[in-house]
There are 2 protein chains.
Amino acid sequence: MDDPKPWLTLARAQSLHAGHLRRPDGSTLEPLALLGDSRAALAGLGLGEASIEAIRNPAAEAIAADERWLAGPARQLVTWGSPDYPALLAMIEDAPLVLFVEGDVAALSQPQLAIVGSRNPTAIGRDTATQFARHLATAGLAITSGLALGIDAAAHRGALAGRGSTIAVLGCGLDRIYPRENTELAREVAANGALVSDLPTGNAPLKHNFPRRNRLISGLAVGTLVVEAALQSGSLITARLAGDQGREVFAIPGSIHSPLSRGCHRLIRQGAKLVESADDIFMELGALLAGSRLAARPEATDAQEVSGPALDKDYEILLDALGFEPAGVDTLVARTGLKAEAIASMLLILELDGRVAQQPGGLFCRRLPRK
Amino acid sequence: MDDPKPWLTLARAQSLHAGHLRRPDGSTLEPLALLGDSRAALAGLGLGEASIEAIRNPAAEAIAADERWLAGPARQLVTWGSPDYPALLAMIEDAPLVLFVEGDVAALSQPQLAIVGSRNPTAIGRDTATQFARHLATAGLAITSGLALGIDAAAHRGALAGRGSTIAVLGCGLDRIYPRENTELAREVAANGALVSDLPTGNAPLKHNFPRRNRLISGLAVGTLVVEAALQSGSLITARLAGDQGREVFAIPGSIHSPLSRGCHRLIRQGAKLVESADDIFMELGALLAGSRLAARPEATDAQEVSGPALDKDYEILLDALGFEPAGVDTLVARTGLKAEAIASMLLILELDGRVAQQPGGLFCRRLPRK
């Protein structure tokens with residue numbers, strides 16, 4: 001990236017999001033062009049007073065603090081329209097224009113399942129979150145959550161135990177880790193995935209930041225699993241946002257006598273998929289992704305076309321190298337020259353997409369397209 | 001009834017049901033007219049060899065045994081087209097032409113909820129069945145089940161504890177009570193509701209009788225609640241039949257680690273309503289009945305028009321006596337001359353139907369028809 005200052009200025013206009021870039025005639029604005037707009041023009045986009053002030057009168061000291069934070073190891077700004085901006089997140093109505101990331105930005109573009117739930121779960125609920133996360137992470141899905149105590153932390157830990165990738169989205173600036181108890185866990189997440197926030201440094205974990213944060217958890221993921229949640233749980237907000245964003249919602253049932261099952265039961269009544277095992281989630285996601293989302297990526301609009309032709313070409317090469325005779329990843333590495341890691345990740349997407357079938361012994365073969 | 005012998009003869013044609021009475025031109029046959037039909041005509045209706053033989057060559061001794069059984073106290077034959085034949089059961093495709101009943105035949109026409117489940121439930125499942133049955137029976141729904149050990153017995157006992165009405169449908173002749181352990185319970189059911197079977201005396205509780213029996217459990221009821229059921233449970237057959245019959249299916253969720261929750265979870269995934277409390281069932285049934293079924297009764301076909309104009313007239317009298325000012329049952333007894341018990345039952349149906357609203361203090365008032 002060239003100078004990050006213009007993007008850091010936009011990041012401090014906290015009500016600004018990608019929705020403000022769409023013009024009535026269907027065209028889209030360049031984010032950085034906003035910096036030259038008048039107060040009246042910015043107000044015309046629907047921005048509030050505080051955001052207009054942040055753009056017209058940038059907070060130099062705060063932005064300097066962001067730059068100091070960015071100078072640390074494995075830290076990066078991911079901006080709207082860049083190849084690193086995650087494609088699924090770009091599809092939501094109110095996608096942030098700037099993401100602060102610590103860790104591996106590539107993790108944000110992996111297929112992810114969000115796992116959220118109570119901060120005070122039962123021992124069984126905690127164990128369920130860990131087991132599901134471990135199983136799914138081992139199978140190649142990244143696990144996204146909010147680093148909270150309870151189910152969130154159990155989900156991150158399960159993904160780490162499964163040697164998978166995990167993403168924690170915070171409701172504060174990444175210069176603070178909240179809650180304190182999970183500081184060490186945050187370090188492990190950054191080393192095996194990423195910490196993410198759309199809030200610049202210096203932002204405290206204020207209550208109103210969490211619903212805002214939750215839209216990123218659901219928006220990054222193909223689906224959200226709620227493990228245990230009371231009727232007042234913030235996890236139900238994440239689930240509702242997932243539904244609004246057109247993503248799948250999964251919930252785990254429990255005893256009718258447990259208050260921590262009430263939230264999940266309400267979700268199921270509202271149409272969430274009842275799941276008993278991690279395999280249930282795989283089966284649902286397979287059907288889901290075959291239909292539309294990841295499959296639709298090549299037809300995405302300009303602003304969302306982040307994977308680029310190179311990615312599509314790799315998929316073509318891989319599919320050409322793969323016949324209807326089962327082949328392993330090593331064979332495919334030899335045939336294509338692609339890296340084993342990239343092939344494994346692409347095979348997962350193709351499998352979810354219904355174009356590849358996994359065979360016993362870790363082998364893969366093509367399958368005829370579904371109708 | 002005049003001579004029961006012709007009906008007892010039909011009862012022994014065990015594959016015969018009301019569906020055989022429908023002719024391609026839309027008209028319906030008189031059941032007793034079948035007794036004069038030739039073997040060829042009976043075969044033309046789709047009857048099998050054994051049923052044809054039972055009609056053409058009646059088993060005099062067996063029928064004499066049925067007559068001896070019928071001579072006992074509180075025993076009755078309920079025949080197709082008679083005013084005692086339950087309206088909801090008459091609506092199913094394969095309704096039996098003859099029911100053997102011990103107890104109060106009027107109970108069969110009460111609004112009923114079927115509660116079924118495992119023969120080997122957990123202590124909590126058994127308790128749940130009892131509590132739901134008691135609550136719903138107290139509120140005026142009769143509870144229908146199959147007298148089996150486990151959930152069935154708990155449901156009957158809950159209804160009795162709630163001083164409500166309960167109906168047990170058996171998979172054998174009523175001269176035998178199966179299982180033996182529930183002999184005393186069967187006596188209480190007969191004294192506070194009814195024992196029912198479409199199988200004549202002498203029929204043992206053979207395995208293949210139970211799916212046949214299950215269609216009567218679901219067919220008598222407006223909905224079926226499954227409390228705990230393994231994936232292989234016969235309760236899932238009852239639930240499937242309820243669905244096929246257009247009735248509501250309810251299931252209680254539980255731990256994903258309990259094999260006895262698997263059946264309920266499968267039902268929920270297939271569209272059964274997840275319920276956490278007896279009130280959930282009331283709310284669903286209210287919406288259900290307001291829409292169609294009991295409300296549609298006056299428009300039923302001839303063969304199903306069993307409630308007769310007298311019943312409709314009573315409802316008219318009751319609604320006329322009821323204003324938009326709340327009134328209690330005693331007031332309504334004074335205004336209409338109807339019995340308190342009849343009024344309570346009619347108020348329940350009208351409430352489920354959306355035409356009457358219950359007010360605090362056990363008072364009722366009319367409400368404007370829903371759109």
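Biologist: Before we start, what pLDDT do local features need here, and how are residues numbered?

Modeller: Residues are numbered from 1 along each chain as its sequence is written, chains are lettered from A and ligands numbered from 1 in the order in which they are written, and side-chain values use heavy atoms, with hydrogens and water left out. The model is predicted, so totals for chains, interfaces and linings use all residues, side-chain atom pairs count only at pLDDT 80 or more, and local features need pLDDT of at least 70.

Biologist: Let's take the interface. How much area is buried between chain A and chain B?

Modeller: Contact means heavy atoms within 4.5 Å, and 18 residues of chain A are in contact with 18 residues of chain B. Buried area is the accessible area (1.4 Å probe) that two parts lose on being put together, summed over both. Carbon and sulfur atoms give 58% of it, and the total is about 1,400 Å².

Biologist: How many salt bridges cross between the chains?

Modeller: The rule asks for a side-chain nitrogen of Lys or Arg within 4 Å of a carboxyl oxygen of Asp or Glu. One of the pairs is Arg269(B) with Asp280(A), at 3.0 Å from N to O. Across the interface of chain A and chain B, the count is 6.

Biologist: And which helix of chain A gives the most to the side that touches chain B?

Modeller: Helices (H or I, at least four residues) and strands (E, at least two) are DSSP runs, numbered from the N terminus. Between chain A and chain B there are 8 residue pairs in polar contact, both at pLDDT 80 or more; that term means N or O atoms within 3.5 Å, where within protein one must be able to donate a hydrogen and the other to accept it, and residues adjacent in sequence count only if both atoms are side-chain atoms. Helix 6 (123-138) and helix 11 (259-269) of chain A each supply at least two residues of the touching side. With 5 residues, the top contributor is helix 11.

Biologist: Moving inside, is Thr144(B) buried or exposed?

Modeller: Thr144(B) sits in strand 4 (residues 142-145) of chain B, and its side chain makes a polar contact of 2.6 Å with that of Gln112(B). Beyond four places in sequence, Thr144(B) also touches others, including Ile167(B), Val169(B) and Leu220(B). Buried means under 20% relative accessible area, exposed over 50%, and partly exposed in between (1.4 Å probe, protein chains only). Because its relative accessibility is 0%, Thr144(B) counts as buried.

Biologist: Leu147(A) has a positive phi. What is its relative accessible area?

Modeller: Phi of Leu147(A) is near 65 degrees, in a residue other than glycine, and its place is the loop between strand 4 (142-145) and helix 7 (151-161) of chain A. Leu147(A) counts as buried because its relative accessible area is 0%.

Biologist: Why does Arg163(A) count as exposed?

Modeller: Arg163(A) is not a glycine either, yet its phi is positive, about 55 degrees. Its loop runs between helix 7 and strand 5 of chain A. Arg163(A) counts as exposed because its relative accessible area is 79%.

Biologist: Last one: which glycine follows helix 10 of chain A?

Modeller: In that helix (residues 235-244), Ser235(A), Leu236(A), Thr238(A), Ala239(A), Leu241(A) and Ala242(A) are buried. What covers them includes strand 3 (112-116), helix 9 (209-220) and helix 11 of chain A. The residue after the helix has a positive phi, near 80 degrees, and is Gly246(A).
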